[in-house]
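Biologist: Please put the model on the screen. I will ask about it piece by piece.

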Number of protein chains: 2
Amino acid sequence: MSDVRWLSAEEQRVWRDFRTAVTKFTENLDRQLQRDAGMPMAYYEILVALSEAPERSLRMSELALNCHSSRSRLSHAVAKLEKEGWVERQACASDRRGSVARLTDPGFAVLAAAAPGHVTAVREHLFDVLTPAQLASLQDISRAMENGLRTECAQARAEIGEF
Amino acid sequence: MSDVRWLSAEEQRVWRDFRTAVTKFTENLDRQLQRDAGMPMAYYEILVALSEAPERSLRMSELALNCHSSRSRLSHAVAKLEKEGWVERQACASDRRGSVARLTDPGFAVLAAAAPGHVTAVREHLFDVLTPAQLASLQDISRAMENGLRTECAQARAEIGEF
DNA sequence: TCGGTCTGGTTGAACTCTCAACCGAACATA
DNA sequence: TATGTTCGGTTGAGAGTTCAACCAGACCGA
């Protein structure tokens, strides 16, 4: 228990600056989208994922994967988007358990209206403030973190399997 | 309106990888803390900020700044932490409007119990997966993003002032 | 074909966050 | 002293997320 590898002063600085940057950045994007498009970023990303899929349709489980969302969260979110008329759900032909979400025309219009403001915000606060070298580095860093999480999850699963 | 500077394919890759990494990473930390310490990361950070302050006490407004939290959110959070007995609120002597939050001994104990697991998770998923060069770069990137947000907010404020 | 298990998805309750409205104290100005 | 404004903080309502429980359809071995 006492063999915890605490963070050094330098590591703490990195960690806090990172937290601060990410927190403020996503807060900013979320607020912008809520103000200009009336929806949080998580919902915007659902519409984006659907708009890029063939037939503008995806199984709920596929959609959850694309949006890094839990099944439950997605279910609630799509319920709300459906009430707005931006998405509709249909039964899945090949698997009677499944349901397929489809982006409606009004939904597509809302997305098209929201996109410019969102992209502009992302560009201003991310791409415009970083050098090309920093962007390349950010790409590497992101991938390394993803990999770390993936292997960690795999390890956890393996451990559970061992019991 | 049509002069939006859309993201190139390469930029989209960076943006999506970054989003994915950050989302999964923070989700992971939040879940770990919720499971092992019974509180979300936002609440943990409140306890940390208080534990580092003289007398383990801070004005609510100071605390909000340290935690990058809105006044409202902090107020709700401290109310809950107070109900748990981990924090208590006192009237501020110098300013009768103010209130001061103080970390209690039970609160400190909870924090001390939660810290090892949290630090371990941060180290495993951040510091252990990045090279020293990447960490240095992440520091720069974070600072650049913070600066970008700061100047942006300043600009917005200036614009509002102009009207 | 029957039972057990797994999978895809939904639901409700509890919790957290956001936003706007609000209150009292401080401050500035006249 | 009166009045308007700003500041610190709280509150309630509405929206979004999480967790656990649940259901029906698919899958699998006996």
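Biologist: In what order do the three strands of the open sheet of chain B stand?

Modeller: This is a predicted model, in which local features need pLDDT of at least 70 and side-chain atom pairs count only at pLDDT 80 or more, while totals for chains, interfaces and linings use all residues. Residues are numbered from 1 along each chain as its sequence is written, and chains are lettered from A and ligands numbered from 1 in the order in which they are written. Strands (E, at least two residues) and helices (H or I, at least four) are DSSP runs numbered from the N terminus, and two strands pair if DSSP finds at least two bridges between them. The pairing in this sheet is antiparallel, and the order is S1-S3-S2.

Biologist: Which strands of chain B stand at the edges?

Modeller: Each edge strand has a single partner strand, so one side of it is left without a neighbour in the sheet. In chain B the edges are strand S1 (57-59) and strand S2 (87-91).

Biologist: How many bridges join S2(B) and S3(B)?

Modeller: Three bridges join S1(B) to strand S3 (residues 99-103) of chain B, and there B:Ser57 stands opposite B:Arg102. B:Arg102 is also the bridge partner of B:Glu88. S2(B) and S3(B) pair in the antiparallel sense, and the number of bridges is five.

Biologist: At about what angle does helix H2 of chain B run to S3(B)?

Modeller: Axes are lines fitted to C-alpha atoms, for helices over the stretch in contact, and angles run from 0 to 180 degrees between N-to-C directions. Contact between two residues requires C-beta atoms, placed from the backbone, within 7 Å. Helix H2 (residues 41-52) lies across S1, S2 and S3 of chain B, and its angle to S3(B) is about 95 degrees.

Biologist: What is the average twist from one strand to the next in the sheet of chain A?

Modeller: Chain A has an open sheet of three strands in the order S1-S3-S2. Within this sheet, A:Gln90 has A:Val100 in S3(A) as its bridge partner. From one strand to the next, the twist averages 25 degrees.

Biologist: Which element gives the most to the side of chain B that touches chain A?

Modeller: The contact takes 45 residues from chain B and 45 residues from chain A. Helix H1 (9-37), helix H5 (105-127) and helix H6 (132-162) of chain B each give two or more residues to that side of chain B. With 16 residues, the element that gives the most is H6(B).

Biologist: How many residues surround DNA strand C?

Modeller: A residue is near the strand if its C-beta atom, placed from the backbone, lies within 6 Å of it. The closest are A:Ser61, A:Gly98, B:Ala42, B:Ser72 and B:Arg96, and the number of residues that surround DNA strand C is 28.

Biologist: Over which residues of chain A is the pLDDT below 50?

Modeller: The pLDDT is the predictor's confidence in each residue, from 0 to 100. Its mean for chain A is 92, and 91% of the residues of this chain reach 70 or more. One stretch has zero contacts in the model beyond near neighbours in sequence, and its pLDDT is below 50: residues 157-163.
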